[in-house]
Every structure is written in structure tokens, then in C-alpha cells.
Amino acid sequence: MFDVHAGYIILISGAITVGLRFLPFIAFGHKTPKFILYLGRVLPYAVMTMLAVYCLREVSFFKGSHGIPEAAACIVVVILHVWRRNTILSIISGTLLYMFLVQAVFY
Amino acid sequence: MRRAFKDTIPVMTGYIVLGIGYGILMSAKGYSALWALAAGIIIYSGTMQFVAIDLFSGAPLGTVALTSLMVSARHLFYGVSMVERYKKIRGLKKLYMIYALTDETYSLVCESDDEDYCFWVSLLDHLYWIIGGVLGGLLGQIIPFDSRGIDFALTALFVTICVEQWLNTENHTPALIGICSSVLCLLVFGANNFLIPSMILITVFLFILRKKMEQNYNV
């Protein structure tokens, strides 16, 4: 049986998500205000740190593994990246370490 | 295109794995690979799609709309950052690139002014996501290996980009504003509600410090 309610949910959440992506282009596309131009230059830096925090939002220092796997893997990624500046190396090493920690040490 | 492929490899890992997870979860709830495919095309936002699964069990459509607004509001920031950079692109290509502006795609295209590169990153990321979702839907419960923790690839991608940006610029104020505002809001509002307050706080700080940054760093 076709689940109409689930269909509506996909359509509505899709329309809103995609609408939010389009909104700034519709609002500022023709004549971009100076403040928006300024935001376009500084936001990428602020947004990337916000996204990193967003990815780690579920980490709790008081429960489970106390955030040790996340902290260890992030530190390795930062140190490796400052040292070698090789994106793929940093990501693979951090992820493998994290997988090892959550699967074999803190399970 | 080759550079786009190389740069999207981390996204590929994360998206295919997350996509498979999504497909498996959908099939466990009784929605086939076709549903995963439709959601991947229509919504195309990992977070939103996972949240939508929770809403399937009879949430009122008003709640659905409000939740979508809260979860996806961060996309406003991506649009604001890319308005000027995507200005020269025309037609369907531009519409597609705006539609496909996810967290991970944004993280790569916000570093580049090259139209073709941005287009290929958008398209490749989208394909990975859809392939992952359909694979997961078809696989059902059979997982070939213990993949717990592999979703850290996306966290590692964002952390790497933060480091790269930090090393490439003299002006660390925006990055510090981003991390301080979001950590503060996370502590105050909790994991499910901190994104919108963070965005407001970031905008307020950037507004207050605008003169100073424009003088000191010529941003």
C-alpha cells in the first residue's frame, strides 16, 4: 500500500529544505547588499567551525565513552593536517582511529 | 573534473556509508529502495531525511514543516555565502547547483571560484548520496563489514577544512566567532535546538565586528 502521509512528509520537508537553499539567491541575486557581500567573504570560516561543532553535538563528556574517541580522533586530524597538509591522509587516519576506538576499545 | 573527483573522495566515503545506513533504516521501517531514492532526490539533505523517518509515524504536517525549518535553516548561510560566487552561472545549471548545496558540497565549493569544479562537486556528491541510499535499501539488513564509526569521515572532513582555512588566512576572527557561538549555544540550548541561535549569534558578532575586520584585513 502506498503511504500517502509519508509521501506528503517527503514533499513538504523537501520543499522547505530546497526553498531555504534558494531563498538567499532569490532575495539578493539581482542587487546584492554590501552586508551580504561581506557575509559571503567571512561566513565560510564561521560556518565550517559551526558544522564541526554540529557533527560533534551528540558527544557527552559525562556519559558512555566521555567523548574520548571523538577528542582523540579530532586531535589526530588537526595535528596530521598541520604537519602534512594532506586532506585525504588526515581524514582517513582520523576515521580509522575513530572506528578502532569505538569498535575495539570503547564499545 | 579530476580535481573535483579527488576532493570529493571523503564525501563519497561518508555519503555512501550514511546513504546505506539511511536505506537500511528506511527498509527496516517498511519503505523500499524506491522511497529512499525519492527522498534522496526530493529532500537531498541527510539530516532532514533521517529526521523525516521519525515523522513518518503520524506527525501532523504542521510539525513536519516547523521541524524542517529548524533543521534546514543553516542552508540560508550557504546561499548567502554563494550568491556572489554563483552570480555568473546561468540557467538550469545554476538552479541545479543551488538545489544541490548540501553541507558537504558547500564545504568544498566555498573554497573555489571555478564554475566547472563547483558543478562537478555538486553532481558527484549527489550521485554518491543516491547510490548509497538505494544500495542500503536493497541490502536491507546485510552489512558486509563492521562499519560503526565510519560516519566520522564527515566530521574529519569538516575539521580538516577548518584547519586548512585557519592556516590559509591571517584573520581568525570569523572562525573563532563560529566555534565560540556554536559551543555556547550548544551548552545553552542543547543538541537539537542550537543551530538557529548559533546562526543568529554569528551574524550579530559579524555585524558588530564588520568595521574592524574591513579595516584590518580588507575582507
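Reader: How many residues does each chain put into the contact between A and B?
Author: This is a predicted model. In it, chain A brings 69 residues to the contact and chain B brings 91 residues.

Reader: And what area is buried between chain A and chain B?
Author: About 7,100 Å² is buried between chain A and chain B, and carbon and sulfur atoms give 78% of that.

Reader: Why quote an area at all?
Author: The size of an interface is often given as the accessible area lost when the parts come together.

Reader: How many salt bridges are there between chain A and chain B?
Author: The count between the two chains is 1 salt bridge. Its partners are B:Glu164 and A:Arg85, with N to O at 3.2 Å.

Reader: Which elements of chain A give two or more residues to the side that touches chain B?
Author: Helix 1 (4-28), helix 2 (34-55), helix 3 (68-84) and helix 4 (87-105) of chain A do. Helix 2 of chain A gives the most, with 22 residues.

Reader: How do the residues on that side of chain A divide into nonpolar, polar and charged?
Author: There are 45 nonpolar, 16 polar and 8 charged residues on the side of chain A that touches chain B.

Reader: ok, and how many residue pairs are in polar contact across the interface?
Author: The rule finds 16 residue pairs in polar contact between chain A and chain B, with both residues at pLDDT 80 or more.

Reader: Which element of chain A has the lowest mean pLDDT?
Author: Helix 2 of chain A, at 88, while helix 3 of chain A has the highest, at 96. Chain A as a whole averages a pLDDT of 90, and 99% of its residues score at least 70.

Reader: Pick a residue in chain B. What does B:Thr155 touch?
Author: Apart from neighbours within four places in sequence, B:Thr155 is in contact with A:Cys55 and A:Leu56. B:Thr155 itself belongs to helix 9 (residues 152-168) of chain B.

Reader: Why does B:Thr155 count as buried?
Author: B:Thr155 counts as buried because its relative accessibility is 6%, and the cut-off for buried is under 20%.

Reader: New topic. Where is B:Met26, and is it buried or exposed?
Author: B:Met26 sits in helix 1 (residues 2-28) of chain B. B:Met26 is buried, at 0% relative accessibility.

Reader: What does B:Met26 touch?
Author: Not counting residues up to four places away in sequence, B:Met26 touches B:Tyr31, B:Trp35, B:Ala36, B:Ile53 and B:Phe56.

Reader: Back to salt bridges. How many over all chains?
Author: A search of the whole structure finds 7. One of them joins B:Arg74 and B:Asp103, with the closest N and O atoms 2.8 Å apart. That pair links distant parts of the chain, 29 residues apart: B:Arg74 is in the loop between helix 4 (61-72) and helix 5 (75-82) of chain B, and B:Asp103 is in helix 7 (residues 103-109) of chain B.

Reader: Are B:Arg74 and B:Asp103 buried or exposed?
Author: Both B:Arg74 and B:Asp103 are buried. In another salt bridge, B:Glu84 meets B:Lys87 at 3.6 Å, N to O. There B:Glu84 is partly exposed, at 40% relative accessible area, and B:Lys87 is partly exposed, at 24%.

Reader: What about B:Glu214 and B:Arg210, how are they placed in helix 12?
Author: B:Glu214 and B:Arg210 are separated by about one helical turn because they are 4 residues apart in helix 12 (residues 210-217) of chain B. They form a salt bridge with the closest N and O atoms 3.3 Å apart.

Terms used. Residues are numbered from 1 along each chain as its sequence is written. Chains are lettered from A and ligands numbered from 1 in the order in which they are written. This is a predicted model: local features need pLDDT of at least 70, side-chain atom pairs count only at pLDDT 80 or more; totals for chains, interfaces and linings use all residues. Side-chain values use heavy atoms; hydrogens and water are left out. Contact means heavy atoms within 4.5 Å. Buried area is the accessible area (1.4 Å probe) that two parts lose on being put together, summed over both. A salt bridge is a side-chain nitrogen of Lys or Arg within 4 Å of a carboxyl oxygen of Asp or Glu. A polar contact is a pair of N or O atoms within 3.5 Å; within protein, one must be able to donate a hydrogen and the other to accept it, and residues adjacent in sequence count only if both atoms are side-chain atoms. Ala, Val, Leu, Ile, Met, Phe, Trp, Tyr, Cys and Pro count as nonpolar, Asp, Glu, Lys and Arg as charged, and the others, Gly among them, as polar. Buried means under 20% relative accessible area, exposed over 50%, partly exposed in between (1.4 Å probe, protein chains only). pLDDT is the predictor's confidence in each residue, from 0 to 100.
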